[in-house]
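These are my notebook entries on a structure that I went through piece by piece. I wrote down each term the first time that I needed it.

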Amino acid sequence: MQRGFGDCHVTSRAINTGHVILCCSSSMTARCQHVVAALLLTLGGVLSFPVGSEKRDPVSCGYQSCHPTKPGMLNVHLVPHTHDDVGWLKTVDQYFYGDRNDIQHAGVQYILDSVVDQLLKNPDRRFIYVETAFFYRWWKQQSASMQQTVKQLVNEGRLEFVNGGWCMSDEAASHYSAVIDQMTLGLRFLNETFGACGRPRVAWHIDPFGHAREHASLFSQMGYDGFFFGRLDYQDRDSRRSKKEQELLWRASDSLPAPMADLFTGILPNGYNPPTGFCWDQLCNDAPIRDDPDLEDYNVDDVVQRFLQAANNQAEMYKTNHIIMTMGSDFQYENANLWYKNLDKLILYVNAQQAKGGKVNVLYSTPSCYLQELHRANLTWPLKTDDFFPYADDAHNFWTGYFTSRPALKRYERISNSNLQTCNQLEVLGGAASRKGPFGEGDSQTLRKAMGVAQHHDAVSGTAKQHVTNDYARKLANGWQHCQVLVSNSLASLSGSSAPRVYCDLLNVSVCSLTESSKKFSVTVYNPLARPVTWPIRLPVYGSSYLIKDAKGNSVDSQVLPVSKATREVRRSRGHTANELVFQVQAPPLGYTTYSVSMLQGGASSAASPKRGAPTSIQNKFLQVTFDPDTGLISGLSNLETKQSIKLTQNFYWYNASDGKNSESRQPSGAYIFRPNSTVPFVISRVAKTETVQTSVVQEVRQWFAPWVSQVVRLYADSRALELEWTVGPLPVSDGLGKEVITRLDSSIKTNEMFYTDSNGREILQRRKDFRPTWQLKQSEPIAGNYYPINSRAFIKDDVDQLTVVTDRSQGGGSIQNGSLEIMLHRRLLYDDNRGVGEPLNEVSDIFPEGLVVRGRFLLSLDRPASAADIYRPLGQEEVLQPVLSFTDGDLDANARLEFSGLQAALPPAVHLLTLSQWDADSVLLRLEHQFQISESKLNSQPVTVNLQKLFSTLNVLGVSELNLSANQWKDEVRRLSWTPENEEKPYLKTFQDPSAWEVTLRPMEIRTFLVRVRADASSTEGRRRRQTVTEEVLVPQNTSFSQKSHIKADQMLP
């Protein structure tokens, strides 16, 4: 990649070369000579910067390090590995240190110690490692000499990293933005520590419980050559085995041009375990290879024959003369000598058969080496365009319960993701003062690591033990505490006011100590979106009349409402006020605004009084909602702008969870498995007790269905979406019945047994009842077998109407009847489902000892199908990235800056600012995303161009370099293996030219990642002059990592 200035260039062809080439034209102009001299002076020690040691060890990693294979033989690739859950039965810390072995014998630090020791004893041996969260901890504890030894193992390809994220993320409940962040975190550490040899070539998701198309798309854009996983629906596996289609090409996007989101995908033959009879870990019971012929129990011949039989059986189900065997499992290799001694013997004795005409060749290998051989086979591969949900391991064992399990943790993870993005952004906008300022030292890294752990497939999935789940939440809370200091420092720097700030994290249950006690305070609203937002605020107050002014001094309409009975019950003793102050705020893009709130003394009370019963309808200028006067339930929804109406009813139900005591199957419902006893759920109540509050700001119909189920139907004055705020719990189980609570929307929309869900918050997939696109389904669980993950939205539609539901967390749902959409809200179960967690999903807490209470909300929109995405796409982003509120007691600082935007102008509606985070002292990581799919919007499914130099209001952009999605390779240096689908020509990557060096064009569903060199703009003439002068940046690799690159600003090279 070349980045030049005039006729002088610095070429950094490979990110890991560590050298600089300086060139000028043959005439060597005086200007060019000056620039070269400046470069040499600036680079100083960069040109001779050592990599590891003065004499760099020879590098032969990745595909170059693979053992040779033998044509004409069946080549068996043995892949030694360990699968180390980042929390499950034990906490992350307990797993790392080997604590609480009474729960499970597992100690990751000992695994890594032992593996490194054994790799050094035989250069033929190989090992792969996955979870960077663990490896990072282990690495920090090693001596310099041990670190150098490990680097040599990595450089020689003997220790290889696969996947490389902070964890192996869940694929159903994780949001794409959090997945990208955790992958970037892990891959950056590997890149900085090991350079190119630390960059994984293969994605490896051997344990997640179903596989999302969006994950495959992200992996493709991160530069992975292939993807391997272990869990597949049992019917799908049988079908693929019979047709030899366990290796395929996954086309993971309808919008990105092939092969941009194409990913070669392999389904491992034994999950991620070794073949039966060949497990030689200390946790296993298989006999070792006893190869002394003088001993009575000599078993080499038996082992060889059994292995040859296993290999040949496996080969019958795959297309090439190469097969892969995973030699390891959960937390194995703590005594790696057991494994390697027996694997050495296995390879020796099986290969000895070749002298007798044997046709099997066994070798130590890695997933990337196996993938390389598949690529060399030059075959065509079956094409897949849907996903691998839902997953069942038997007829009555659908893993669709975890889509909803632990709904409180799922919500807290989503809130934490929003908080992390705010923290990242304000670290950039506030500069160094954000990390160390009037409120102390803050950081974003603590929350970033906690969020990385929370993406693990037993964390956000809700499938860990209770004490581990508590630990995940504790880590997120601790990370937010660190970020609060940073956010306060940044806002102090930007506003010029160091007044103490308070954060109220329990506003959803009307708890905030400052607003409950203060007569005068201010609210700072930070908006992490790159467009203005209007957002409702509800604050607990003890007064009945308030004056609110915005940053410009204008009065803001507000109302005081009585706190609902449901809220009083759920907040318990944590708050005591009788009223809530409700008003709407408008916040600028990537910025904050300030509202002052003053209690009015002695005036007439403006508190609204609720009226018993439901109204005939509530409406604003956009929507009308009608109610059945006999039942108090919703009866219809109308869009007043488009003049469309549908019949719509909504109610709450519960499925009786199977206890496993029936003739069909002994499988109970549990943390993983959803198995209702009946296809017809029990209605909680056919009638809702109601009361209504109608004001100029908001209209509410409060519904009570049971002591443990209530809801508020809420319509704000300027909203195009109807809010349904539900409160469920504690679920009663004194009757001995586990309960799985759903809400169901029944409409007049003619759905033809189809509905639609998002994939990890991005692209939409069509779902059809009792149907799988790539194999013939034999349905055995008509409810659980039709449930799919809903990450942020789902909808039903026909040719005229589309009803979209935006969720505030990941949940499971389905469309069991035509015109209906049901979503599971909460689960409380009395039996373990026998998938390893070893305890029933029965959540209680100190606050709710009788059972967990969960509160959440849906946003409903009704629109024409052709324009529905124009509403639900931005609505979904608002729900994921919510404004962060901070409160200051007393009068506003007279000199404080009350409003600020980090952008010169809002981004276009189709463009989402996905990432803005500090990379190093002078650089930020920027991701821009086109958030619309192709053809889903006439208005917004078009390419959009953004000028990066005119993006920020307070930062001069000095230079830009484009990276791959995971920010561990230069974009123009990404080289992926290419694959040919069956019945199609091999696709070739299309390249598009941006309009200019500063203008970047985004096409539907495209995410572009940039490393941006910035300098704070003092809003001076000099600052503006420099922004106009700088035309290009030169990036010089100083070592094998981005963080160590030397950035040479073009304007510094001017004479």
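**Entry 1: helix pairs**

Before looking at helices I noted that an axis is a line fitted to C-alpha atoms, for helices over the stretch in contact, and that angles run from 0 to 180 degrees between N-to-C directions. Helices (H or I, at least four residues) and strands (E, at least two) are DSSP runs, numbered from the N terminus. I also kept in mind that this is a predicted model, in which local features need pLDDT of at least 70 and side-chain atom pairs count only at pLDDT 80 or more, while totals for chains, interfaces and linings use all residues. Residues are numbered from 1 along each chain as its sequence is written, and side-chain values use heavy atoms, with hydrogens and water left out.

I looked up helix α9 (residues 300-315) and helix α10 (residues 336-351), and found that their axes come within 10 Å and cross at roughly 80°. Angles under 35 degrees count as roughly parallel, over 145 as roughly antiparallel, 65 to 115 as roughly perpendicular and the rest as oblique. α9 and α10 are therefore roughly perpendicular to each other. For contact, which means heavy atoms within 4.5 Å, I listed V300, V303, V304, F307 and L308 from α9, and L346, Y349 and V350 from α10. To sort residues by class, I took Ala, Val, Leu, Ile, Met, Phe, Trp, Tyr, Cys and Pro as nonpolar, Asp, Glu, Lys and Arg as charged, and the others, Gly among them, as polar. The contact of α9 with α10 then has eight nonpolar, no polar and no charged residues.

I turned next to helix α3 (residues 108-119) and helix α4 (residues 132-140), which pack at an angle of about 70° with their axes 10 Å apart. This pair, α3 and α4, is therefore also roughly perpendicular. On the α3 side I found V108, Q109, L112, D113 and V116, and these meet F134, F135 and W138 in α4. By class, the contact of α3 with α4 divides into six nonpolar, one polar and one charged residues.

**Entry 2: disulfides**

How many disulfides does a search of the whole structure find? The search finds five, where a disulfide is a pair of cysteine sulfur atoms within 2.5 Å.

I began with C66 and C369, whose sulfur atoms are 2.0 Å apart. Their link is left-handed, with -90° about the S-S bond. I counted a residue as buried under 20% relative accessible area, as exposed over 50%, and as partly exposed in between (1.4 Å probe, protein chains only). C66 counts as buried at 17% relative accessibility, and C369 is buried with a relative accessible area of 4%.

C279 and C284 also form a disulfide, with their sulfur atoms 1.8 Å apart, and both of these cysteines are buried. In the disulfide of C504 and C512 the sulfur atoms are 2.0 Å apart. The torsion about the S-S bond of C504 and C512 is about 40°, so I noted this disulfide as right-handed. Both C504 and C512 are buried. C167, by contrast, is in no disulfide, and the nearest cysteine sulfur, that of C483, is 18 Å away. C167 is buried as well, with a relative accessible area of 0%.

**Entry 3: strands**

Two strands pair if DSSP finds at least two bridges between them. I traced an open sheet of three strands in the order β18-β21-β20, with antiparallel pairing. Its edge strands are β18 (533-541) and β20 (558-562), each of which pairs on one side only. Nine bridges join β18 to strand β21 (residues 579-587), and I found R538 opposite V582 in β21.

Why is strand β40 (residues 820-828) largely enclosed by the rest of the structure? Nine of its nine residues are buried, so the strand is largely enclosed. Strand β33 (residues 739-747) pairs with β40 in the antiparallel sense over eight bridges, and T743 stands opposite I823 in β40. Strand β39 (residues 811-814) pairs with β40 over two bridges, again in the antiparallel sense. β39 and β40 form a hairpin with five residues between them, and G819 in the turn has a positive phi of about 80°.
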